[in-house]
Amino acid sequence: LICEAYHLMKDVLGMEQNEMADVFEEWNKGELDSFLIEITRDILRYKDSDGQHLLPKIRDTAGQKGTGKWTGIAALEYGVPVTLIGEAVFARCLSALKEERTKASAVLPGSSYKFQGDKKEFLEHLRKALLASKIISYAQGFMLLREAAKANDWHLNYGGIALMWRGGCIIRSVFLGNIKDAFKKNPNLSNLLLDPYFCGRISACQDSMRQVVAQAALVGVPLPAFSTALAFYDGYRAGVLPANLLQAQR
């Protein structure tokens with residue numbers, strides 16, 4: 001999600017690295033306060049020994065240590081739609097196809113649309129979209145934990161798990177405290193999105209998710225994580241889905 005936000009800032013809004021760093025610094029003072037937002041700010045400001053920013057010199061291919069892959073496999077085994085982690089893993093796989101992507105960039109056409117909106121307004125949409133998508137990702141993670149607990153007869157303290165992550169984990173973020181509070185109020189909470197606090201935050205941010213995903217599609221910037229967050233949200237809130245046709249086709 002953060003990489004996709006960076007992509008939009010750089011290629012759609014045309015922002016320089018110090019300007020992007022200032023945005024991440026401001027975001028880190030509020031609801032998005034987290035370890036990854038903090039180090040993103042520092043990475044954007046870091047300069048090499050020649051005085052130039054280091055980030056553009058780093059090859060745009062990423063491998064994986066296996067945790068995302070294992071989570072995706074577990075999600076499929078338990079039948080839980082942990083779509084954000086799945087798309088994040090696939091995005092890494094796609095990034096690894098550097099040679100193919102370079103060839104494709106020379107022959108496959110893209111969008112000619114140029115962003116013409118207000119940069120400050122769009123950055124606020126991006127902040128809200130990032131917050132909402134992070135909430136959805138955590139919600140999916142706890143869905144997987146709950147399903148695994150049912151299958152294995154585990155008795156998990158979900159609020160305690162949130163506090164453990166807040167104590168010194170790469171996914172540390174300020175709203176892990178709100179997750180702890182949600183499960184303290186309702187230990188049988190089926191989904192974080194149904195907690196009054198998180199429902200309120202998603203309700204306030206869902207329009208911004210739509211703005212960000214729509215603009216990215218128009219300009220041709222890939223946002224697999226943001227897009228799947230929005231798709232999950234709309235699917236989860238849908239009282240009726242077209243799976244009846246799928247069943248009829250079988």
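User: What does Arg210 count as at its relative accessibility?
Analyst: Arg210 counts as partly exposed, at 28% relative accessibility. Buried means under 20% relative accessible area, exposed over 50%, and partly exposed in between (1.4 Å probe, protein chains only). This is a predicted model, where local features need pLDDT of at least 70, side-chain atom pairs count only at pLDDT 80 or more, and totals for chains, interfaces and linings use all residues. Residues are numbered from 1 along each chain as its sequence is written, and side-chain values use heavy atoms, with hydrogens and water left out.

User: Which residue forms a salt bridge with Arg210?
Analyst: Asp234, with the closest N and O atoms 2.8 Å apart; a salt bridge is a side-chain nitrogen of Lys or Arg within 4 Å of a carboxyl oxygen of Asp or Glu. Asp234 sits in helix H11 (residues 224-236) and Arg210 in helix H10, 24 residues apart. Helices are DSSP runs (H or I, at least four residues), numbered from the N terminus. Asp234 is partly exposed, at 22%.

User: How many salt bridges in total?
Analyst: The count is 18. Another one joins Glu31 and Arg201, at 2.7 Å. Glu31 is in the loop between H2 and H3 and Arg201 in helix H10 (residues 196-219), so this pair ties together parts 170 residues apart in sequence. Glu31, Glu124, Arg127 and Arg201 are linked in a salt-bridge network.

User: Switching to rings, how many aromatic pairs?
Analyst: Nine; rings of Phe, Tyr and Trp (its six-membered ring) pair if their centres lie within 6.5 Å, and planes under 30 degrees apart count as stacked, over 60 as edge-to-face and the rest as tilted. One of the nine pairs is Tyr138 with Phe175, edge-to-face at 5.2 Å and 80°.

User: Are those two buried or exposed?
Analyst: Both Tyr138 and Phe175 are buried.

Technical notes:
Helix = DSSP H or I, 4+ residues; strand = E, 2+ residues; numbered from the N terminus.
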